[in-house]
Amino acid sequence: MTELPTYAAADIRAAEFPPGVDSFNYRSLIPGFEGTAWEPAFTKIALLVWIAAAIAILFFLISYRNPQLVPTKRQWMAESVYGLARDNIAKDIIGPQGVRFAPYLASLFVFILLLNIWGIFPFAQISPSSHIAFPMVLAASSWLVYVGVGIRKHGFLGYIKASCWVSGAPLWVQPILVPIEFVSNLVLRPVTLAVRLFANMFAGHMILLVFTLGGVALLNAESIFIKPVALLSWAMAILMTFFELGILILQAYVFTLLTATYLQSSLADEH
């Protein structure tokens with residue numbers, strides 16, 4: 001039996017249903033990229049992350065390139081996003097000193113929002129946030145920020161004490177409470193930040209995938225009575241897409257809000 005040529009085998013793999021892991025591989029788009037050390041790093045999800053970062057940077061650069069007293073539409077949109085992070089998150093949660101964290105919080109919100117939107121964007125249809133690595137990096141960044149702020153204000157030992165020691169609790173119960181507070185405040189916070197974002201985006205991606213590919217499978221069914229059910233499956237996919245839009249905005253807001261809450265706890269005199 002003769003072996004299929006490489007291009008023919010690739011065509012057969014591309015035609016497989018449901019799509020497999022190879023559908024995330026974009027390395028063939030760059031001549032000479034295949035076979036190099038960077039080959040495994042260039043995937044569809046990595047490309048979407050770079051595009052999201054570029055959009056966020058260009059959005060603020062272009063919007064504030066020539067600021068006007070009467071803002072243009074782009075400037076108004078950028079100011080609205082920044083105002084949300086500054087007034088409704090930084091000031092409301094942290095207080096007046098929260099203004100200095102507004103640029104980070106605004107950037108975090110916009111970047112996560114753009115990552116999440118890929119989940120319902122045609123031809124992308126997957127959010128990088130549904131890959132646990134990216135929420136972990138974002139959570140680690142927030143952890144470094146609020147821990148660094150706490151150490152700068154209280155000192156290393158002072159911050160550890162403020163994070164672990166429960167004021168007002170009896171001395172005999174502190175050996176029980178201190179380890180719990182340590183794990184809760186310094187270990188579990190970034191974990192819950194990452195898992196919350198990942199789980200919601202992954203679940204939304206799977207729901208849309210089930211209804212979309214389910215419609216294709218129903219349409220290809222042998223029974224003529226089952227084929228019309230494909231329309232119902234696709235209608236549910238469209239309905240869930242609008243629902244997912246609200247979820248992805250909410251998750252970007254919640255991640256930013258919790259980061260501000262942790263910053264406020266790091267700056268507080270007592271915990």
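Biologist: Where does Q251 lie, and what makes Q251 count as buried?

Modeller: In this predicted model, Q251 belongs to helix α8, which covers residues 229-267. Its relative accessibility is 8%, and buried means under 20%, so Q251 counts as buried.

Biologist: Which residues is Q251 in contact with, leaving aside its neighbours within four places in sequence?

Modeller: Q251 is then in contact with N116, R196, L197, N200 and M201, where contact means heavy atoms within 4.5 Å.

Biologist: Why are α7 and α8 called roughly antiparallel?

Modeller: The axes of helix α7, residues 174-219, and of α8 cross at roughly 175 degrees and come within 9 Å. Angles over 145 degrees count as roughly antiparallel, and α7 and α8 are therefore described in that way. By class, the contact of α7 with α8 has 21 nonpolar, 11 polar and three charged residues.

Biologist: Which residues of helix α6 are buried, and what do they pack against?

Modeller: In α6, which runs over residues 156-164, the residues Y159, A162, S163 and C164 are buried. The buried residues of α6 pack against α5 (133-154), α7 and α8.

Biologist: Why is L47 called partly exposed?

Modeller: L47, in helix α2 (residues 44-63), has a relative accessible area of 24%. Buried would require under 20% and exposed over 50%, so L47 falls in between and is partly exposed. In sequence L47 and P128 are 81 residues apart, while in space they are 9.4 Å apart, C-alpha to C-alpha.

Definitions and conventions
Residues are numbered from 1 along each chain as its sequence is written. This is a predicted model: local features need pLDDT of at least 70, side-chain atom pairs count only at pLDDT 80 or more; totals for chains, interfaces and linings use all residues. Side-chain values use heavy atoms; hydrogens and water are left out. Helices (H or I, at least four residues) and strands (E, at least two) are DSSP runs, numbered from the N terminus. Buried means under 20% relative accessible area, exposed over 50%, partly exposed in between (1.4 Å probe, protein chains only). Axes are lines fitted to C-alpha atoms, for helices over the stretch in contact, and angles run from 0 to 180 degrees between N-to-C directions. Angles under 35 degrees count as roughly parallel, over 145 as roughly antiparallel, 65 to 115 as roughly perpendicular and the rest as oblique. Ala, Val, Leu, Ile, Met, Phe, Trp, Tyr, Cys and Pro count as nonpolar, Asp, Glu, Lys and Arg as charged, and the others, Gly among them, as polar.
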